Number of protein chains: 2
Amino acid sequence: MAAGWRGQRPSFICVLGHTDVCLVPGISSAGVSEELRPLTPAADAEVVVLGRPLCLSDLPSNPTGAPGPSGIARAALRMAGIEARFVGAGLRVWPGVACEEVPVDASLFERGVALGREIEAPYVVLAESVPGGTTTALALLLALGYAADGRVSGSMPGNAHSLKTQVAHERLRDAGLRVGEGRTDPLGAARLVGDPMQPLVAGIACGAAAAGCDVLLAGGSQMVAVAALLVWIAGVASLQHVAIGTTRWVVDDPSADVSGLTTEVSPDLPLLAVNLDFSCSRHAALQSYEAYLVKEGVGAGGACIAALLATGQTLQALQAEIDQTYDSLLGRLTAQ
Amino acid sequence: MAAGWRGQRPSFICVLGHTDVCLVPGISSAGVSEELRPLTPAADAEVVVLGRPLCLSDLPSNPTGAPGPSGIARAALRMAGIEARFVGAGLRVWPGVACEEVPVDASLFERGVALGREIEAPYVVLAESVPGGTTTALALLLALGYAADGRVSGSMPGNAHSLKTQVAHERLRDAGLRVGEGRTDPLGAARLVGDPMQPLVAGIACGAAAAGCDVLLAGGSQMVAVAALLVWIAGVASLQHVAIGTTRWVVDDPSADVSGLTTEVSPDLPLLAVNLDFSCSRHAALQSYEAYLVKEGVGAGGACIAALLATGQTLQALQAEIDQTYDSLLGRLTAQ
């Protein structure tokens, strides 16, 4: 499938979402603090489009100082001349750039199908920015019967597994669901224990694939959860034109098992990873990606895969673009 | 696929639905008059379960006297020991037998998926009773870009094509949709110009097929519209475990083209037809089926196919059961 994407320019849609899971202290490192975390999706969109956040003074960053991945997505999309489109569901803070609002109700999947059908491109890259989203991914995977505890990735060192497990199982308990019981109503389970990005992206993927448009789910654990949702809504056949695209850090993450989970969702689901290496980045902050911080988000991995396929450029050229993008993003940060 | 159904007992779910299209004079002959037409789905369910209607004094019948098809479904299901389950959406009148109520909103597809996932049977027969439903089928087919004018079947002689075409195109106009424009939002199109049975049955089919359960869409034009909806939601691959099952009268109807429409929806979609022949029925009223009146409804054709496959009985035996069932149904009618 991906071989056919060479020289093609895909559509890129990033779904911005919010659940109150991101307010749990320590659950995520998207955003310097719990207070600022609900601003992350809006700031991510602003960084991708404008090269700087409007709603925050700084790039959304890890409390450890590792910068957020929106600059990677920006660099990759600009290199390939791909425009980013944003769709928001349930946001606390809306971006200062164009973003379609989708209401958070039982029509998320349906609206996704409609969005997906409109796409006029050989393939579409579907990205997300949902703070706390690996926890809602874990909750959905559990509801769908996957033994995902301790196996989802995340932005923090060690991935905060015990906290995520606690929060995810609490969500299942509150919904009156035991592990696997979400299989009888997968979209209902996503609504109860997951996040609005999941049914929306599942719908877009369905609609796009039905219209003959291939789909690259750009993300790690969160997109594995979306793929699992698709399987339980419409069967494995619905993944026929779908792949997951992420970064090497997600796939190699020693404290996660995204590739194992992907195989459990479907042994035929391609998991692509861009081989980014920031160990020689001129930004010390970006080098922390090599310590498995941040790793992914805003479709960074998928955007890089798309950019490399579209332009035929080398990984080195892409990494130079990324370094340059972070010059201004981090310059701005240090200038304050 | 159907070969594997031999000796198997399927689930049978009949979706009862209502739209105000059935109030248009002359649009349907399900029910003796416009006033009684909204009672037809409830009476159909009562006939299938109890062998007599509760909400009407008589079997829902064609104004010409041709009796409704609920007795065929009842006879077939009883012969095979298959229980009927009813789900209602938007009914004006609810049956006096067990019937789950599903609200008519954007969650119809989602609820269908949940219903479909629960099915524990080798396959499921999905039936409908929606008065005026071939007109809403036509409207949905048009919205999805199929040239269906003059090609849907119906319960009346000649199928009232010009009236159906007028009403269906009016629905598209009122929804601001031109022919084919529903493709960008198939579920939205069903909501705007179709009927609640369509997204609900599409969801059940999706969920059932995803759970490894084959699907027999039991009906003519209305189920072709559901199959088309599935294609535009989730691609042709979503029909992999789906077939349409109807009666010979629908397939042979000289004033319709259900088999051509089926091929246009997908050349690989099996269209099965039970070879019922009422020309020697002891009920003159049933003989009018041979003049292409009524023809189908309440999953009559699919129920017969399922009964023949499950029991290995002959068509003659099934027709004898049908005759016997109508003894009491029509006896009741003439006794008054």
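Author: Buried means under 20% relative accessible area, exposed means over 50%, and partly exposed lies in between (1.4 Å probe, protein chains only). This is a predicted model, in which local features need pLDDT of at least 70, side-chain atom pairs count only at pLDDT 80 or more, and totals for chains, interfaces and linings use all residues. Residues are numbered from 1 along each chain as its sequence is written, chains are lettered from A and ligands numbered from 1 in the order in which they are written, and side-chain values use heavy atoms, with hydrogens and water left out.

Reader: Let me try one. Is Glu290(B) buried, partly exposed or exposed?

Author: Its relative accessible area is 23%, so Glu290(B) is partly exposed.

Reader: Which residue does Glu290(B) meet in a salt bridge?

Author: A salt bridge puts a side-chain nitrogen of Lys or Arg within 4 Å of a carboxyl oxygen of Asp or Glu. Here the partner of Glu290(B) is Arg248(B), at 2.8 Å from N to O. Arg248(B) sits in helix α9 (residues 248-252) of chain B, and Glu290(B) in the loop between α11 (284-287) and α12 (300-311), so the pair ties together parts 42 residues apart in sequence. Helices (H or I, at least four residues) and strands (E, at least two) are DSSP runs, numbered from the N terminus. Arg248(B) has 16% relative accessibility, so it counts as buried.

Reader: Now chain A. What does Arg248(A) pair with?

Author: Asp252(A), in a salt bridge of 4.0 Å, N to O. Both belong to helix α9 (residues 248-252) of chain A; they are four residues apart, so about one helical turn separates them. Arg248(A) is buried at 16% relative accessibility. Asp252(A) is partly exposed at 40%.

Reader: How many salt bridges are there over all chains?

Author: The count is 24. Take one of chain A: Glu100(A) and Arg85(A), whose closest N and O atoms are 2.8 Å apart. Glu100(A) is in strand β3 (residues 100-101) and Arg85(A) in strand β2 (residues 84-89), so this pair links parts 15 residues apart in sequence. Both ends are partly exposed: Glu100(A) at 34% relative accessibility and Arg85(A) at 27%.

Reader: Which residues form a network of salt bridges with Arg85(A)?

Author: Glu100(A) and Glu118(A).

Reader: And Arg85(B)? Where is it found?

Author: In strand β2 (residues 84-89) of chain B. Arg85(B) is partly exposed, with a relative accessible area of 27%. A polar contact is a pair of N or O atoms within 3.5 Å; within protein, one must be able to donate a hydrogen and the other to accept it, and residues adjacent in sequence count only if both atoms are side-chain atoms. The side chains of Arg85(B) and Glu100(B) make one, at 2.8 Å. Contact in general means heavy atoms within 4.5 Å. Neighbours within four places in sequence aside, Arg85(B) is in contact with Phe12(B), Ile13(B), Cys14(B), Glu100(B), Leu115(B) and Glu118(B).

Reader: How do I read a sheet?

Author: Strands of a sheet pair through backbone hydrogen bonds, either parallel or antiparallel. Two strands pair if DSSP finds at least two bridges between them. Chain B has an open sheet of seven strands, in the order β3-β2-β1-β4-β5-β6-β7, with parallel pairing. Its edge strands are β3 (100-101) and β7 (271-274), each pairing on one side only.

Reader: How many bridges join β4 and β5 of chain B?

Author: Four, in the parallel sense, between residues 123-129 and residues 214-218. Across this pairing, Val124(B) stands opposite Val215(B) of β5(B).

Reader: What about a core?

Author: In soluble globular proteins, nonpolar side chains tend to be buried together. A nonpolar core is a set of buried Ala, Val, Leu, Ile, Met, Phe, Trp, Tyr and Cys residues joined through side-chain atoms within 4.5 Å. The largest has 126 residues, and Leu217(A) and Leu217(B) have the most contacts inside it. A second, separate core of 50 residues includes Leu276(B), Tyr289(B), Cys304(B) and Leu315(B).

Reader: Is His18(A) buried or exposed?

Author: Buried, at a relative accessible area of 9%. His18(A) lies in the loop between β1 (11-17) and α1 (40-50) of chain A. Its side chain has a polar contact of 2.9 Å with that of Asp20(A). Beyond four places in sequence, the contacts of His18(A) include Pro38(A), Ala89(A) and Pro196(A).
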